[in-house]
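Hello,

Here is the structure I promised to pass on. Please have a look, then read my notes below.

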Amino acid sequence: MGNVATRGRRPTARPEKTSLDDSLFKGTRVLYVDDDPDARKVFVRELRHSSLSIELASSGAEAMELIRKNTYSVIATDLEMPEMNGIELIEKARIAAPLASFVLVTGAVWLDLPTASESARGITCIVPKPWDQGELEKAILQALHLHATHSVANIVSEEVEDTDVTRVLLIEDSPGDAKLISRMLRGDSGRYVVTHVERLSDAITTLENFSFDAIITDMSLPDARGMDVARRLQAFVPEIPVIVMSGQSDQSLAAQAVQNGAQDYLVKGEVDSRTLVRAICYSIERKASEQRLAYMAHYDQLTGLANRTEFRQQVLQNLGRASRNSGAKPTILLLDLDRFKIVNDTLGHDVGDLLLREIAERLVAAAGEFATVARLGGDEFAVLIPDIQDEDQ
């Protein structure tokens, strides 16, 4: 479960120590939707020992009426229902209840969560029918933890709206270390808001739904260890600076962390509030500088179009795809402007620059969203169309 450590708020209990009969979830509302009355009875019976408040609906339409009137932490639904199936219900419910977590119940053994639908991003897990009590409880508990992560992150977002703050995601499974790091940042005039999670998987889920300015992570987490932590974060959110914290004072380890995407490496026990704040500020600035340099290396500064280097990479990628797909026909158009030198000589380079920008905008508009338009240099432009059907097109 994700915790938020900010403005004196205490971290809540660790997820591995909680269960459905924990007082933490007493009265938490869960909605189960199924057109089969026997399945609804079994659902209630399996969770009868929990402290949850369970409500039932027999159809998607009935469920939506309840969702609009009430607030549910978890919405569990059968997949196959008449008029509105489970996927369709989740798509509608996500709009009405954006902080809820969803559990899909189904007898379809072929259903695969990553490919079931675009709405699968909102599904915590899939429970196959018929379920056993332990399997169902585990799914509901996982959904409750995810709801808590979303809720506390949303509270933070509301509290800091329209204020000059730095949002930090802290990934740390040690309650003591998490509390210490949060206290260091809280003392800096309220400029830092910390959202705390204990696992890398919880961090990924949180990053899917909320934005952060920096990430501080331990290198030894329950579901990831060592350089894998920095690599996975760098791959998932390459635009956010990552600061690694470790109990080991090891220069070679620090160098490896930086090579794998971290902006800084701090040693626990050697960090105070000033050091931590400075590391965050420098990491954010370094990441911004990296992005500026990367942009300058691949895009034309005058027009914003891809430059020769980026265009070459796009061409090679498309040729590779075409070799694997015999039907694809990538096409390159090369263009230059006649008598452009006369414009610069008679009206000046500023007017020439305006003309080049206008040409760039018109080419982008004409080429379409799937084409790559580049300025190769001077008055030379190129357009890459990934797949063209015939020469007339």
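Helices (H or I, at least four residues) and strands (E, at least two) are DSSP runs, numbered from the N terminus. This is a predicted model: local features need pLDDT of at least 70, side-chain atom pairs count only at pLDDT 80 or more, and totals for chains, interfaces and linings use all residues. Residues are numbered from 1 along each chain as its sequence is written, and side-chain values use heavy atoms, with hydrogens and water left out.

Start with Asn344. It sits in helix H11 (residues 340-347). Asn344 is buried, at 16% relative accessibility (buried means under 20% relative accessible area, exposed over 50%, partly exposed in between; 1.4 Å probe, protein chains only).

Next, the salt bridges. Each is a side-chain nitrogen of Lys or Arg within 4 Å of a carboxyl oxygen of Asp or Glu. The count by this rule is 11.

Lys268 pairs with Asp218, with the closest N and O atoms 3.4 Å apart. Lys268 lies in the loop between S13 and helix H9 (273-298), and Asp218 in strand S9 (residues 214-218), so the pair ties together parts 50 residues apart in sequence. Lys268 is partly exposed, at 22%. Asp218 is buried, at 8%.

Arg362 is exposed, at 57%. Glu358 is partly exposed, at 33%.

Best wishes
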